[in-house]
Amino acid sequence: MTVLDKGNSSWYKVSYTGSSGDTWTGYASAAYLTTGSANASDASATATTACALNLRSGAGTSYSVVKVLPKGAAVTVLDKSNSSWYKVSYTDASGKSWTGYASARYLQ
């Protein structure tokens, strides 16, 4: 689960991607959530794509392209433990979400 917005101290906007790849976005009571990640200082950080960028199924160019992100797309950085490839999530204008890996070199 990714916390998208902590604007309300009682309810957080969250996103969750299930094992089937379906993503749910909604609100969860802050009283029942703890925040953290493998790299907690980077939890819910945001970045912008510097150019059209391939979102891949794994960390490297040998993995399949899940989605081509447009230049200027806002992504949520989920994990920076690999300094070359960040795990990110992206939600398009229609509300459809993807999670995958993007080259850190092309994220601002």
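From the N terminus on, the elements of the protein run β-β-β-β-β-β-β-β-β. That makes zero helices and nine strands, where strands (E, at least two residues) and helices (H or I, at least four residues) are DSSP runs numbered from the N terminus. The model is a predicted one, so to speak of a local feature takes a pLDDT of at least 70, and side-chain atom pairs count only at pLDDT 80 or more, while totals for chains, interfaces and linings use all residues. Residues are numbered from 1 along each chain as its sequence is written, and side-chain values use heavy atoms, with hydrogens and water left out.

Of the 108 residues in the protein, 34% are buried; buried means under 20% relative accessible area, exposed means over 50%, and partly exposed is what lies in between (1.4 Å probe, protein chains only). The accessible surface of the protein comes to about 6600 Å², and carbon and sulfur atoms own 46% of it; such areas come from the Shrake-Rupley method with a 1.4 Å probe, and for residues only the protein chains shown count as cover. Then there are the contacts (heavy atoms within 4.5 Å). Among contacts between residues at least 6 apart in sequence, 34% join residues at least 24 apart.

Three strands make up an open sheet in the order β1-β2-β3, with antiparallel pairing; two strands pair if DSSP finds at least two bridges between them. The edge strands, each pairing on one side only, are β1 (2-5) and β3 (23-29). Neighbouring strands of this sheet are turned by 35° against each other on average, direction ignored. That angle rests on axes, which are lines fitted to C-alpha atoms (for helices over the stretch in contact), with angles running from 0 to 180 degrees between N-to-C directions. Strand β2 (residues 11-17) runs antiparallel to β3, and seven bridges join the two. Tyr12, for one, stands opposite Ala28 in β3.

With neighbours within four places in sequence set aside, Trp24 is in contact with Val14, Ser15 and Tyr16. Trp24 and Lys96 sit 72 residues apart in sequence, yet their C-alpha atoms are 9.2 Å apart in space.

Strand β7 (residues 74-79) pairs with β8 in the antiparallel sense over three bridges, and Val77 has Val88 in β8 as its bridge partner. These two strands, β7 and β8, form a hairpin with five residues between them. On to β9 (residues 97-103): seven bridges join this strand to β8, and the two run antiparallel. The bridge partners in β9 include Ser97 for Thr91 and Ser103 for Trp85. β8 and β9 form a hairpin too, with five residues between them, and Gly95 in the turn has a positive phi of about 100°.

How much of this region is tucked away? In β8, five of the seven residues are buried, so the strand is largely enclosed by the rest of the structure. β9 is mostly covered as well, with five of its seven residues buried. Ser89 is buried, with a relative accessible area of 14%. Beyond neighbours within four places in sequence, Ser89 is in contact with Val75, Thr76, Leu78, Trp98 and Thr99.

Lastly, the rings. A pair of aromatic rings is described by the distance of the centres and the angle of the planes. Rings of Phe, Tyr and Trp (its six-membered ring) pair if their centres lie within 6.5 Å; planes under 30 degrees apart count as stacked, over 60 as edge-to-face, and the rest as tilted. The structure holds one aromatic pair. The rings of Tyr90 and Trp98 have centres 6.1 Å apart and planes at 20°, so this pair is stacked. Both Tyr90 and Trp98 are buried. Lys67 lies over the face of Trp98, at 4.5 Å from the ring centre; a charge sits over a ring if NZ of Lys or CZ of Arg is within 6 Å of the ring centre and within 35 degrees of the ring normal.
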